[in-house]
Amino acid sequence: MISFKKIVSFFLFSLLAGFLWWVLLLFNTFPKKMYVNVPMIESEQVGIVVLTGGKQRIEKGVDLLLKGYGKKLFISGVFMPSEIELKFENEKEKNELFKCCVFFGEKAKNTVENAYEVEKWLNKNSEINSIILVSSYYHLPRSMMIFTKKIQPNIKIFPIPAVSKNNIIDQFFFHAKLVVSEYLKVIFTIFFVR
């Protein structure tokens, strides 16, 4: 009979091995292979989606819109749109974008709800066949897992981190708590999100 100590040891070893795999994947594979440069495809068919909740996400989305990578920007999450618009009120060019091309979803409280909110927005904007998904580097792998399950299969998703990948390694210790938290959320997503 297997002892309780061996079961606990196996569980802890598996958790540690999984975490080490996650860190390697996050800092090696994802920045090199997953965070591709955004292709300049027909921007009429591209929507930019920002998931709120982290630094520089909205700024990155607005910057991508300003540079012509997409024609519409959808910001998903719980916040007041007027607060976001105030951030850019002194920048005339960006402020103009908010009048024509920026849309808000204000109800999503987590990534699964973000996906549902984005899906509704895509249904209203049927010309969009690709999205640029902007979030924090540690959040994008789980976001991709959820969005590929919840979003229409014909929509291409290009994940882009809000912070430049050159800064990711430098910020590791600063973001260690977030990385561990995201790892646990990934485990939850794998087993419980359908």
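At the start of α5, the backbone nitrogen of V112 lies within 3.1 Å of a side-chain oxygen of N110. This is a predicted model: local features need pLDDT of at least 70, side-chain atom pairs count only at pLDDT 80 or more, and totals for chains, interfaces and linings use all residues. Residues are numbered from 1 along each chain as its sequence is written, and side-chain values use heavy atoms, with hydrogens and water left out.

**Whole chain**

- The protein chain holds seven helices and five strands. Helices (H or I, at least four residues) and strands (E, at least two) are DSSP runs, numbered from the N terminus.
- From the N terminus on, the order is α-β-α-β-α-α-β-α-β-α-β-α.
- Of the 194 residues, 44% are buried (under 20% relative accessible area, 1.4 Å probe, protein chains only).
- Contact means heavy atoms within 4.5 Å. Among contacts between residues at least 6 apart in sequence, 81% join residues at least 24 apart.
- The chain exposes about 11500 Å² (Shrake-Rupley method, 1.4 Å probe). Carbon and sulfur atoms supply 61% of that area.

**The sheet**

- Five strands form an open sheet, ordered β3-β2-β1-β4-β5, with parallel pairing. The edge strands, β3 and β5 (156-161), each pair on one side only.
- Neighbouring strands are turned by 25° against each other on average, direction ignored. Axes are lines fitted to C-alpha atoms, for helices over the stretch in contact; angles run from 0 to 180 degrees between N-to-C directions.
- Two strands pair if DSSP finds at least two bridges between them. Six bridges join β4 to β5, and these two run parallel.
- S135 stands opposite P161 in β5.

**Helices on the sheet**

- α5 packs on the sheet and touches β1, β2, β3 and β4. The direction of α5 makes about 150° with that of β2.
- α6 also packs on the sheet, touching β1, β4 and β5. The direction of α6 makes about 165° with that of β5.

**Helix α5 in detail**

- The buried residues of α5 are T111, N114, A115, E117, V118, E119, W121 and L122.

Terms used: Buried means under 20% relative accessible area, exposed over 50%, partly exposed in between (1.4 Å probe, protein chains only). A polar contact is a pair of N or O atoms within 3.5 Å; within protein, one must be able to donate a hydrogen and the other to accept it, and residues adjacent in sequence count only if both atoms are side-chain atoms.
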